[in-house]
Amino acid sequence: MPRLSRRRLLSQTARLISCTAIMGGFSTRAAWSQPVVPNEQQAMLSLSTLVRDLFPHDALADSFYVKVAGIVQPGLTGKEKEYATFAAALDQDAGGSWRQLDPAMRGEILAEHQDDPFFAILRDTARATLYVQPEVWALIGYGGNALAQGGYLNRGFNDIDWLEGNK
Amino acid sequence: MSDYKFSLEDDSVAVIIGSGAGGGTLANQLAQQGIDVVCLEAGRRLAPVDIVNDEAAMFPKFTWLDEVIGEGDALPNFPLWICKTVGGTTMHWTAATPRLQAHEMRALSTYGEITGASLVDWPISLADLEPYYARAERMMGVTGTNGIPMLPGNNNFKVLEAGGRKLGYTDIDTNRMAINPEPKDGRGGCLQLGFCTSGCATQAKWCTLYTQIRDAEQTDHFELRPESMVMKILHEGDRVTAVQYLDTEGQMHEQKARFICVAGNAPGTARLLLNSASTHFPEGLANTSDQVGRNYMRHMLAAVVGIMPGEVHIYKGPQVAGVIRDETRHDPARGFSGGFQMHTVGLSPGSLADLMLQGKWGHEFTSVLEKYRNYATVMIMGEDLPTADNRISLHPERRDQYGLPVPVVHYTNHPNNRAMLHYGLEQCNKLYRSLGAEQVFDLKDVFPATHNMGTARMGEDPATSVTNPWGQTHDIGNLFISDGSLFPTAGCENPTLTIVTLVLRQAEYIQQQMQRGAI
């Protein structure tokens, strides 16, 4: 029996609305195991800057965004040409290396390109990848799987303390 | 083939298609009465160890990912969030189990004719269903019934309750839930894990996989065949005789049957009937009424996020164990017919990021998401009016991996839905603002349908309905519909309890029909 193809899964993922994060978490899961080829390091640095500029969390280290870019990248397989065209357009607007501009300038140029088709692909893939990472969960306060600790039954499921006097 | 418990040639067996709320329950009810049942399930069987507390890991394990096309207001690539696994969508459901209200089962009489809607009264009343509702609640272990305590309220519920009372609402509690507050019958108690829709790791949540199907397997009258995709129901004249299904090897089998019950979730059920067209039934099996696939309903569904003045941690605890029922009444003064529930909904950062901030990026996005600790979330879920053109049909050319025509879900919101939506969003906005929310967001038109109803409505008249009031098709006496397809109208309640209730009633009817030799 033919199985759901990865391509179809990814195309579904990119446009799916409510479940993108979950699907994305799934489709990128396999990517964890794929090694990063050394000669792709340069592209990875650009990609990590792009991911940070799209979804900037000041408290997260650059090394974390590099890790995420490593997971995002295989998800863009088949889109290398679009990626190259997009990156070239950013550099052209920057009059040199877009990546080496200051964040505000980078953001302005990025905003100029937010209607490019590749921008949406990159944004949705990056978002679906980023928000299933434990480092982000810790930052924004999502507890995730608590089964091993007995769930939240004895860990604050009803510990709200600011409603008093508000009833 | 030789490892089948029942022979493919055995035409004394009941064949049940689907193992979820309808199929799984019906299979067990019949098996307990000594009726031999072959249950065909398209999905695979998960072991307890497969259920982990991780929605990204669980999604591909049991979600129906075969191609389905959405048209109109349905999401184009993922119009339905249903399951393909033993246990069906009871693996994914939130376990909220409210009963329908009497007036909702008399929708036409109560609301009157509404332009564009194919409203009818149910052919049965709430009084007819009450004894079966009571049985279903006992069987499923519904909180607040049969001496079962209510679940304790989580933080998100406490916010909903406090805000609701400020708005003057009074009918508020932690919801009727088919979730064990304490361990029972070999299943765990609720640990407030918060991953209900990803399968319940403690089995506190009722799911046919480890309740009805487990019990059926204790009898000598039940055989489950997972990963069996039913392609077609065969008939001779006005009797069905067998089903054709593919196994995992792509091998076609034909199982004979005394009678057949279809419980494939409303879109799947309609699809199978349409795929089973024959020279005798050119428009689809049991479809002389032309009602198969029509009057497809889901619920009016939207959510509201409030960024509250203090921390809430919405991910802790059962996702929908908290409800306000004051708006479930019919009150045309609000500008729409029917009503809606307001219930809690726990969402993970990943889901929220996609639902709430579609298309956004930069600090505008991340600064909002960094306030996740302070989110409170409520969902409004309202009655969806049936319309003849909201329907399941077959794509003329596209074929899926089985070679079957891809189903098309055509759904357009009735204006009544939009009026209800706007009113409901406004109420939720007020609710969170009353507690000092600094920001409130709407999440609308982003949810795939999880409640699927209609497509084979029951009724008295064979010209305007597909089945009689027991789910027996008008056209074919030994063909039954055993899921939410039967609903003539939707009400605003989560449909699973009513599906279970209808099949408990149907199981009795089938036994009577067998005793009388009618089937």
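**View 1. His313(B), a buried residue with positive phi.** At 13% relative accessibility, His313(B) counts as buried (under 20% relative accessible area; exposed is over 50%, partly exposed in between; 1.4 Å probe, protein chains only). The model is predicted: local features need pLDDT of at least 70, side-chain atom pairs count only at pLDDT 80 or more, and totals for chains, interfaces and linings use all residues. Residues are numbered from 1 along each chain as its sequence is written, chains are lettered from A and ligands numbered from 1 in the order in which they are written, and side-chain values use heavy atoms, with hydrogens and water left out. His313(B) is not a glycine, yet its phi is positive, about 60°. The residue sits in the loop between strand 10 (300–307) and strand 11 (323–324) of chain B. Helices (H or I, at least four residues) and strands (E, at least two) are DSSP runs, numbered from the N terminus.

**View 2. Gln319(B) and its contacts.** Gln319(B) belongs to the loop between strand 10 and strand 11 of chain B. Its relative accessibility is 10%, so Gln319(B) counts as buried. Leaving out residues up to four places away in sequence, Gln319(B) touches Gly194(B), Phe195(B), Cys196(B) and Thr197(B), and also Thr344(B), Val345(B) and Gly346(B). Contact means heavy atoms within 4.5 Å.

**View 3. Asn146(B), a non-glycine residue with positive phi.** The phi of Asn146(B) is near 50°. Asn146(B) lies in the loop that runs between helix 4 (126–140) and helix 5 (155–166) of chain B. Is Asn146(B) buried or partly exposed? With a relative accessible area of 44%, Asn146(B) is partly exposed.

**View 4. Leu486(B) and its surroundings.** Leu486(B) is in the loop between strand 17 (479–481) and helix 11 (496–515) of chain B. Leu486(B) is buried; its relative accessible area is 3%. Neighbours within four places in sequence are set aside here. Leu486(B) then contacts Gly454(B), Ala456(B), Arg457(B), Met458(B), Thr467(B), Gly471(B), Ile481(B) and Leu502(B). The C-alpha atoms of Leu486(B) and Gly459(B) are 8.9 Å apart, and the two residues are 27 residues apart along the chain.

**View 5. The salt bridge of Glu508(B) and Arg135(B).** A salt bridge is a side-chain nitrogen of Lys or Arg within 4 Å of a carboxyl oxygen of Asp or Glu. The side chains of Glu508(B) and Arg135(B) form one, at 3.2 Å from N to O. Glu508(B) lies in helix 11 of chain B and Arg135(B) in helix 4 of chain B, so the pair ties together parts 373 residues apart in sequence. Both ends are partly exposed: Glu508(B) has a relative accessible area of 31%, and Arg135(B) has 28%. Over all chains, a search of the whole structure finds 25 salt bridges.

**View 6. The salt bridge of Asp171(B) and Arg325(B).** The two side chains meet at 3.0 Å, N to O. This pair links distant parts of the chain, 154 residues apart. Asp171(B) is in the loop between helix 5 and strand 4 (172–173) of chain B. Arg325(B) is in the loop between strand 11 and strand 12 (340–344) of chain B. Asp171(B) is partly exposed, with a relative accessible area of 34%.

**View 7. A network of salt bridges around Glu327(B).** Glu327(B), Arg329(B), Asp331(B) and Arg334(B) are linked in this network. Within it, the side chains of Glu327(B) and Arg334(B) meet at 2.7 Å, N to O. Glu327(B) and Arg334(B) are both buried.

**View 8. A patch of negative charge on the surface of chain A.** Asp93(A), Asp102(A), Glu108(A) and Glu112(A) gather here. Patches are made of residues with over 30% relative accessible area and no salt bridge: like charges are joined within 9 Å, nonpolar side chains (Val, Leu, Ile, Met, Phe, Trp, Tyr) within 5 Å. Asp and Glu count as negative, Lys and Arg as positive; His and the chain ends are not counted. The place of a charge is taken as NZ of Lys, CZ of Arg, CG of Asp or CD of Glu. Asp93(A) is in helix 5 (residues 80–94) of chain A. Asp93(A) counts as partly exposed, at 44% relative accessibility.

**View 9. Chain A, with 8 helices and 0 strands.** Buried residues make up 46% of its 167 residues. Chain A exposes about 8,300 Å², and carbon and sulfur atoms supply 54% of it. Accessible areas come from the Shrake-Rupley method with a 1.4 Å probe; for residues, only the protein chains shown count as cover.
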